[in-house]
Amino acid sequence: MTRIELAARGRLRRRLLLGAAGTGALVLGPVRLIAASIGGTAELGFTELPDGALADQSLQVLPGKVPLIRKTARPPNFETPIEYFRTPITRNDAFFVRWHLSSIPELDAASWVLTVGGESVQREQRFTLAQLRSEFEPASVNAVCQCSGNRRGLFEPHVPGVQWGVGAMGNAAWRGARVKDVLARAGLKDDAVEVVFDGADRGALDGIPDFVKSLPIETALDPDTLIAFEMNGEPLPPMNGYPARLVVPGWTGTYWVKSLVGIRATPTPESNFWMGTAYRLPRGKFRTPSFKSQVKEANEPITTMVVNSLITSLRAGQHIQRGRPIGVRGLAWDGGSGIARVDVSIDGGATWRPATLGTDLGRYSFREFELRVPAVGKGAHVVMARATSRAGETQVERLIHNPAGYHHNVIQRLPVEVV
Amino acid sequence: MSTHVASVVACAITVAVAAGAARPSLAQELTPTSAAALKAAVQASSDELADAPGREKAAQCGACHSLDYIRMNSRFLELAGWTTVVNKMINAFGAPIPKDDVDAVARYLTEHYGRPAATP
């Protein structure tokens, strides 16, 4: 745990306890941990995963990791179980794993070199990890990394692809060198339109397109866009991109290239498969910003995350004693404006009350929320949480279906039973 | 500067598996990129797939990825959906599957990992 995380946790807990005591409400201990499941989503009040995904996934251990939900083995795609989302910062050893290609190199920090070049720089540069650490002003940011397809398995009708539940995401304190500073050392030219990032992973066969992503020049030059060599105060786990990965706060995980080995500034749009064909949305369906140099007639690349939340303190069908509060607690996040509010309903959306937000760890971070609502009447209650961003975006009631299964931010409907 | 090894995941162990048949370990399912290893992966994939006509052709998928990719996407794709997926693997990802095999692979996947046909 980082110092900032510990401090934040302490502050939030104190504030919530004081708040509850001040209103005369019953002060309970920490929210009871629910045993690890194998990642079914019906128990969270969502559509269930496809039969095949549910039957096939299991908890398995990767090097340096706690048991995670294995979606696929080769290339490895592993999801974080829900119990690790009960803190605003996600542990490194529980952070989800997502690789596109099956040949994943084991990089050695001592010999690792990052090449910075391309048509739009004056002089190609090569940096060792030691140089990256010592020759640039270090920068830090708390930021959510969420796979574009997180919750794809909840799409109805189902769409092909990795059938993620809710755990293809995590929030960490990232530390590294700014991309803008590294590009400046190479002498960035005015004609740069995009910056292209290459990871060390490869396909099993020569014909498989290498995983290469690009960013608009203005996003690459954002002071929060980092080449991160630390995650929560530790080196990155190999499965999360050791020794250094790209961190693009607010943008979906596809741009966060792991095990970064090359950076290239270019005056022309990158057209490889991963930019030109994959990770695209139909135009006009979402209000996220456009990646202008990559827009095509029918579609455009996914960019920033949509506002979302996850209730982590309850499971569907849970019994709650009448007279005791229903403890609704969880996390909210968006694409970088920050969370303005989270509203909670225990009557299926008929009435809403504002939840208490946890400490603000930055506009790119998970934000905790909590509300204890007295359970007065017996019977079924549908618990919901609805996050609203500072940009005024809010979660949707009905899924905005799209062919690749991105941006699922449908409001959770979690049924509990007051007995 | 780098070694491409399956040892990255060699210490992976199964903690919990769904009730039923044992599954190959993660280390077994991960392959290095040599031709021999790819051939072995295809053979192992064949053993894992439902024993029916078309299995050998479908096992070609295992050269590049584990077969949980197939099981995970079941049972909701019909023939058109599986055909699209197989074509995408060939056209976008360079899967070494002859065009002539597309129909047989898609039909096999539909029958064994696809959406159950509506009963009349």
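This is a short tour of a predicted model, stop by stop, for you to follow in your viewer.

Residues count from 1 along each chain as its sequence is written, chains are lettered from A and ligands numbered from 1 in the order in which they are written. Because the model is predicted, local features need pLDDT of at least 70 and side-chain atom pairs count only at pLDDT 80 or more, while totals for chains, interfaces and linings use all residues. The model scores ipTM 0.86 and pTM 0.87.

**Stop 1: the two domains of chain A**

Colour residues 28-42 and 307-418 of chain A as domain 1, and residues 99-301 as domain 2; these bounds come from an automatic or database domain assignment. Taken over C-alpha atoms, the centres of the two domains are 30 Å apart. Where they touch, domain 1 of chain A gives 22 residues and domain 2 of chain A gives 26 residues (in contact means C-beta atoms, placed from the backbone, within 7 Å). The domain 1 side of this contact has 10 nonpolar residues, 11 polar and one charged. Here Ala, Val, Leu, Ile, Met, Phe, Trp, Tyr, Cys and Pro count as nonpolar, Asp, Glu, Lys and Arg as charged, and the others, Gly among them, as polar.

**Stop 2: strand 9 of chain A**

Select residues 169-178 of chain A, which form strand 9. Helices (H or I, at least four residues) and strands (E, at least two) are DSSP runs, numbered from the N terminus. Is this strand buried or exposed? It is mostly covered, with 10 of its 10 residues buried. A residue is buried if 20 or more other C-beta atoms lie within 10 Å of its own, exposed if 12 or fewer, and partly exposed in between, with C-beta atoms placed from the backbone.

Look for A:Ala139 opposite A:Gly176. Strand 12 (residues 226-231) of chain A also pairs with strand 9 in the antiparallel sense, over five bridges, and there A:Trp174 stands opposite A:Met231.

**Stop 3**

Most residues other than glycine have a negative phi, and most peptide bonds are trans. In the loop between strand 8 and strand 9 of chain A, find A:Pro157, joined to A:Glu156 by a cis peptide bond with omega about 0°.

Next, go to A:Ser259, which has a positive phi of about 45°. A:Ser259 counts as buried because it has 24 C-beta neighbours inside 10 Å. A:His407 has a positive phi too, near 60°, and counts as buried with 26 such neighbours.

**Stop 4: chain B and its helix 6**

Switch to chain B, which has six helices and two strands. Buried residues make up 38% of its 120 residues. The mean pLDDT of chain B is 76 (pLDDT is the predictor's confidence in each residue, from 0 to 100). Over residues 1-32 of chain B the pLDDT is below 50.

Finish by selecting helix 6 (residues 102-113) of chain B. Its buried residues include B:Val105, B:Tyr108 and B:Leu109. What do the buried residues of helix 6 pack against? They pack against helix 2 (51-56) of chain A, together with helix 3 (55-58), helix 4 (68-72) and helix 5 (79-91) of chain B.

Methods: Pairing = 2+ DSSP bridges. Contact = placed C-beta atoms within 7 Å. Expected span 1.5 Å × (residues − 1).
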